[in-house]
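Hi,

Here is the structure for your files.

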Amino acid sequence: MFTERTSVGLDVHARSVAAAAIDGVTGELFQTKLPPGNDRILEWVRGVPGPVAVAYEAGPTGFGLHRTLTAAGVRCVVAAPSKLQRPSGDRVKTDARDAVHLARLLRLDEITPVSIPTADQEAARDLVRAREDCRGDLMRARHRVSKLLLRHGLVYDGGAAWTGKHDRWLTQQHLAGAASRAALDAGYETVLQAKARRDRLDRAITDLAADSEFTPVVRRLGCLRGVSTLTGFALAVEIGDWARFTGNSIGSFVGLVPSEFSSGQSRVQGPITKTGNGHARRLLVEAAWHHQPQYRVGAVLRARWELASAAARARGDLGNRRLHDRWVRFGQRRKRHTIANIAVARELAGWCWSLAVMDD
């Protein structure tokens, strides 16, 4: 319930901030445009009739403003942009109107807040996303090299690509023409640089996963097939506070539930929503493929089990058997593998939640 006298809405951008404050006693509306800087915003907030509550949308400016206002004793709510209610007939959008809209929604308690990470959690999230960006750079660099060779009629058929054998094959290719050779050398050099950068980030993530606040969760998540140390750490930092979900609701947070448009007697379901955290969704979808083969506890999975508690191992074993059985039943019903994998990934998210919230 909103209890403060004044509600403040801030439309925060990199170089400007539109501010609006509604005084609940007099009904007066204060509006201004502020320069960037948390201290300047705090100074203006302190100048309106108090006590004050502030709301702004989550975005690229991060959570520094929230930390500054909270440290000063001002209640601050960071709104989830996708959950903000807006009238369908409102076709005029300006920064000033957005600020007023936020101030009104805050007073009505109609804002869905996002989970605020600590500075250490945000730093770990930056590391994981840097690795994700590097993975994409490496994939694109490899594609450019392979397509360059394809245009010259060179196709590798000696097994899996981008292995040690494939690298030796690449170094033996000599294209005709100095320009083509320079292009191949530049492309292959980019691949090597991206791979080295990815390996450095992998080592940094592995070290942090072994000794940080996320270590217990990562070790419990590692009891599931397909959830390596890198995957478990990325899920831990991307989800953050697992307690805000349930086994049913976490699937919708990562966008793995079907979209739906139902009215009256009509019920229409479509493809998955793909809302929420796309990085976590990709990791879950990739991990779900590991549950398709016959379940057995190999050396890699057993090594991860040794780091977790007995209760987590038992829970992980139960989840692994259940998820493989889902694959078997989908195969008996002749479901397309892509559709079956999404359903398994949705259930895998629930098993990850059950392990993450488990007490050691």
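Asp199 is partly exposed, with a relative accessible area of 22%. Here, partly exposed is the range between buried (under 20% relative accessible area) and exposed (over 50%), computed with a 1.4 Å probe on protein chains only. This is a predicted model, so local features need pLDDT of at least 70 and side-chain atom pairs count only at pLDDT 80 or more, while totals for chains, interfaces and linings use all residues. Residues are numbered from 1 along each chain as its sequence is written, and side-chain values use heavy atoms, with hydrogens and water left out.

Salt bridges around Asp199

Asp199 forms a salt bridge with Lys195, at 3.5 Å from N to O. The term means a side-chain nitrogen of Lys or Arg within 4 Å of a carboxyl oxygen of Asp or Glu. Both residues lie in helix 6 (residues 178–210). They are four residues apart, about one turn of the helix. Helices are DSSP runs of H or I with at least four residues, numbered from the N terminus. Lys195 is partly exposed, at 31% relative accessibility.

Asp199 also meets Arg198 in a salt bridge, at 3.3 Å from N to O. Arg198 counts as buried, at 18% relative accessibility.

Other salt bridges

The structure holds 19 salt bridges. One of them joins the side chains of Arg129 and Glu238, at 2.9 Å from N to O. Arg129 sits in helix 4 (residues 119–151) and Glu238 in helix 8 (residues 229–239), so this pair ties together parts that are 109 residues apart in sequence. Arg129 is partly exposed, at 38% relative accessible area. Glu238 is buried, at 3%.

There is also a network. Salt bridges link Glu132, Arg135, Arg282 and Glu286.

Cysteines

How many disulfides does a search of the whole structure find? The count is zero. The cut-off for a disulfide is a pair of cysteine sulfur atoms within 2.5 Å. In general terms, a disulfide is a covalent bond between the sulfur atoms of two cysteines.

Take Cys352. The closest cysteine sulfur to its own is in Cys223, 11 Å away, which is too far for a bond. Cys352 is buried, with a relative accessible area of 1%. Cys76 is buried as well, at 9%.

Best wishes

Note on methods: Helix = DSSP H or I, 4+ residues; strand = E, 2+ residues; numbered from the N terminus.
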